[in-house]
Structures are given as structure tokens and as C-alpha cells.
Amino acid sequence: MTTRHTVVLGSGPTGLVTALLLAAEGIRVTVLDGDPLPPPGDADAIWDDWHRPGVHQFRQTHGLLPGGLYLLNQELPGLVEELRATGSPHNMIGGTWAGSAGSPRQPGDERYDTVAVRRPVLEALLLAEAERTPGITVRRGVRVTGLLTGDAQVAGSPHITGVVTEDGGRVAADLVVDAGGRNSPAGRLLGQVGAAPREDRAETGFRYYTRFFRAPDGAAAPPQPAWPLCHHDSVSVLSLPGDSGVWSVTLVTSGRDQELRALADPDAWQHALRLYPLFSPLGEAQPLTGVTAMGGTESRRRRMVVDGVPVATGIVSLGDAWATANPQFGTGMSLAVRHTVILRDALRLVGLDDPAELALRVDAGTEEFLTPVWEGLAHWDRHRLAEIDAEIRGEAYRTTDEAWNLQVAVETARWQDPAVLRALADVACLLASPEEALVKSGLAGRAVTLAAGQPRYAEPGPARPELLTAVGA
Ligand SMILES: Cc1cc2nc3c(=O)[nH]c(=O)nc-3n(C[C@H](O)[C@H](O)[C@H](O)COP(=O)(O)OP(=O)(O)OC[C@H]3O[C@@H](n4cnc5c(N)ncnc54)[C@H](O)[C@@H]3O)c2cc1C
């Protein structure tokens, strides 16, 4: 491949990993980001002071799943070494190894190992790696406001030849990578040049109420909860550690749940957390933040190939710009790493001289590896939101949907069978598909038998009226 030029729109995790992988292929990369400021100083300064208005979830709970770390380590081992040096070692099921309901450590549990690091700190490491990599130029404070098109169409679709920036600048490129995140302008900009990607969008998502904590000097952090994400009547509770002795706790509600908007108040939030015994010790420490609330997390997907034809060539959408899903399962950055590898592999096969074939190959890889995960999450969202709606009405949620009922059974049965627990962890950590971990192994049937007659929510927590009273709703 001769030296060619790619413009990457966005310097979030997707844009930076893309830049690193393409530079390793000998492609020159210019990364443009609308946010003007570089990360300051050390991890705590980055956390406190790095202003990133382009990423609304910048200071929300973020974990890198073992499946994502594994892939990153295959592609960028030096970067992972730095992540390990900055973050804290963490095993996703380590909380189950102790305690009466737990499942003692088994050989092979190291596959659930990852590195705990706060999102801004992770991103600063990625950015530093990109900025010192030959062939990559990162330009901050440069907002993309238009797409350039050539005279020739490819396969009857507009062919993108670069981008226009807010100051009227033009940056030509053999390929534009849209890594503009969940609010990427690419759909709108493609519309301006006559291309119509297909958008699927759910009407409601979840709402996140997150608080970060740190143990006082010299004190140990509270023990890791038995499982990082537990679902309850109306609320899911999520906790993940970060670097530098920090951890977060998030209360997740339906975006439609107006009464629980009271959780944005730190006192109400603390009262609520005390009702969940698996997580309440995590709220006893020094709060590092108030409660950061975030909604607008609906699932959305943009298809760049419709009915087998690329809607435009010379551009691909990766990571959150391609699709966003319910973030409580923490898949976003790991799927993004996978997506960048799909693009790199397609480039190795097709190069940049056949843009239509490149678009089709990226789409095929996306459909094969990413879409099943996204569809699984979107399916879970629909049922969980309907379940919360039913709880709000004071009813139990019933459905004949087998896939949802199996998911609920597996969640319940994980405390009764260590093999079911690990199968669930394999799926949750993006190490195996549900088909591989649960169906082919025969564990699905076992989970259904074990869960029969058990209560819907396996972990202790309040019923909705008690929760509403606690938060003063
Ligand atoms: C509440 C919440 C919790 C989450 N928790 C997790 C988690 O635990 N684990 C996980 O893996 N993922 C998590 N995610 C998802 C994760 O945040 C995303 O998957 C990830 O940020 C995607 O990276 P990205 O680079 O695609 O997009 P982003 O990180 O959004 O980056 C997009 C970049 O594009 C830039 N940009 C946008 N428009 C323009 C423009 N016109 N011109 C120039 N630049 C532009 C922005 O400034 C930004 O820097 C969570 C998400 C949410 C909402």
C-alpha cells in the first residue's frame, strides 16, 4: 500500500485506536476533534480538569471488558502495558470468590481479568500514544462541518473525498473515518451530499445517576460487590473500580421514570443506595463527586450499506458513530476496538482503491461480529424498560419471549451453579456469545430448571414504594 491519507473525525477511544491501527499499516492519519483542550498533568488533574464537552459521558462509570482488553493487547501490547501501569488490576467476578453465596476461585478465572481505569485517564493514555506515533497528527479545536465529494460517484453513491472544517478549511482524504461518537454529525452531513444512511432508533433509554468515591488516606477500599451489575425493581445498581483507589456507583433507571429523577440529589441518592446491601458499603467513603446524571442513552444504529449498496463510499462509521446501545453492560469501548480491527482487516484485503468493496467488507464484518451483540442489547433494553414500566404500575412483568425469560433465568441461577455463573460472565465480558456459552454447553436448560420458582430479583433490595419513600419522591 502506498502512503495514503485518512481523516478520522473524533479523538475518542474509537478515533484514537483507529489512528494507531491505520498508522501501523503505513497510512498517514489526521485526527480532528472539536474539543480544544489537551489533557492536563496526572491522573487526578485529568479527572478534575480535562474539559471534554464533546463527550457527555466523559465522567460516567467506564470499564474496559476483558474481551476488549484481550483484543487491545493483541493489537497494541505497548499501550496495554501502560494501562496496566496506570490502572488497577481487576477481576470482573472477583467479588464472587468470597462470601457465602459466592463461588470460590477456579482455574481459568484469570480470563475475567481487566484493568480498572477512569475513562478520562484511559483516553489521555491513548491520546499520548497517538501523538507520539509517527504518521499520526492530532488537531484539537477543529470541528468538522461538511463533507467533500468528488465528481465521480462510486456504484451510484456519493464518494467522499475529505472534510470541511468550521473555519472553512478543507482536508482531503482517501478515506474518512467517522468516529464522532453518539452525537456524530456524519448522518446529517451525509444527507447534505445526497446520501441517506438508514437509522434505527429506540424511543427511550436509561438514565444514569453516578457518584465516584475514594477511600480516605491509608484506608482500604470496601470489598468488591459480588457482581458488578444487579437488577432490582425499577433500578439497576452498577459499580466499577477505577485507577488511583477510586470507584464509582451508578443507579440506573428508566428514562421514563420521573419519580426517580429525585436521585440527582446527593442526599436522596445516598438514601437509596443504603437500601441495596450488596452495594451500600461502597457509599460509605469519601465522595469524590456529586451525582452526575445522564439520559439520552437510547439504542441507535446507522447502516451505511442499505439493500446491499453503500449509501456513500470513502467514509465508514465506527464505534458509537455506528451504533450505541444501553451502556450499563459496558460494551461500548470494547466493541469499538473490534470495529477498528474490522476496518484494518478490510483495508488489508481491499486497500483504498476499491471504495465500494471496502464499504461492503466493513459492513459485512460489522454485521457478523457487532450487530448480534447490539441486537441482543437492544432486545434486553426493550424488555427491561417494559419491566420497569410494569413495576411502576405495580404489576409483575410477564412475557412469552423465550430469549428474555432465559436471560432472567440465567441471572437467577448464577448463584446456584458456578458453571452458569461463569457462562454468564463469559457473555458479559465479551469472551463468548450466548449461543456458545449457554446453548451449546447445555447450561441454558440447567439455568431454567434451577431458576424455576425463584424470585425475579436474586439480590436483596427494596420494593418500589420503599425506594420512593427513601428518596422523598
Ligand atoms: C453513561 C455511559 C456509561 C458508559 N460506560 C461504559 C463502560 O463502562 N464501558 C465501555 O466500554 N463503554 C461505556 N460507555 C460507552 C462509551 O462511552 C462509548 O462507547 C465510547 O465513548 C465510544 O467512543 P467513540 O470514540 O466512538 O465516541 P466518543 O468517545 O463520543 O468520541 C467522539 C469524539 O468525536 C468528537 N466530535 C464529535 N463531533 C465532531 C465534529 N463535528 N468535529 C470534530 N470532532 C467531533 C467529540 O468531541 C469526541 O471527542 C458508556 C456510555 C455512557 C453514555
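How many nonpolar, polar and charged residues does the shell around the ligand have? In this predicted model, the shell has 12 nonpolar, 16 polar and six charged residues.

## The ligand and its surroundings

The ligand is surrounded by 34 residues, and the closest of them are T14, D33, H62, R119 and M333. Three helices and strands, namely α1 (13–24), β2 (28–33) and α8 (332–350), each supply at least two residues of this shell. The greatest contribution comes from α8, with three residues.

An N or O atom in the side chain of T14 is 2.6 Å from a ligand oxygen, and a polar side-chain atom of D320 lies 2.8 Å from an oxygen atom of the ligand. At P13 the polar atom belongs to the backbone, and its distance from a ligand oxygen is 3.2 Å. On its own the ligand has 990 Å² of accessible area, of which the protein covers 96%.

## The parallel sheet

Five strands, in the order β5-β2-β1-β9-β20, make up an open sheet with parallel pairing. At its edges are β5 (136–140) and β20 (315–317), each of which pairs on one side only. From one strand to the next, the twist averages 20°.

Within this sheet, β1 (residues 5–9) and β9 (residues 175–178) are paired in the parallel sense over four bridges. V8 stands opposite V177 in β9. Strand β2 belongs to the parallel sheet and also supplies at least two residues of the shell around the ligand.

A second open sheet has three strands in the order β10-β17-β21, with antiparallel pairing. Because β10 (198–201) and β21 (323–324) stand at the edges with a single partner strand each, one side of each is left without a neighbour in the sheet.

Strands β10 and β17 (residues 300–303) run antiparallel and are joined by four bridges. R201 stands opposite R300 in β17. Helix α9 (residues 355–393) lies across β10, β17 and β21, and runs at about 165° to β17.

## Summary of the arrangement

Note on methods: Residues numbered from 1 in each chain as written. Predicted model: local features only at pLDDT ≥ 70, side-chain atom pairs only at ≥ 80, totals over all residues. Heavy atoms only, no water. Near = heavy atom within 4 Å. Polar contact = N/O pair within 3.5 Å; in protein donor to acceptor, adjacent residues only side chain to side chain. Areas by Shrake-Rupley, 256 points an atom, 1.4 Å probe, with all protein chains shown as cover. Nonpolar A, V, L, I, M, F, W, Y, C, P; charged D, E, K, R; others polar. Pairing = 2+ DSSP bridges. Contact = heavy atoms within 4.5 Å. Axes fitted to C-alpha atoms, helices over the stretch in contact; angles between N-to-C directions.
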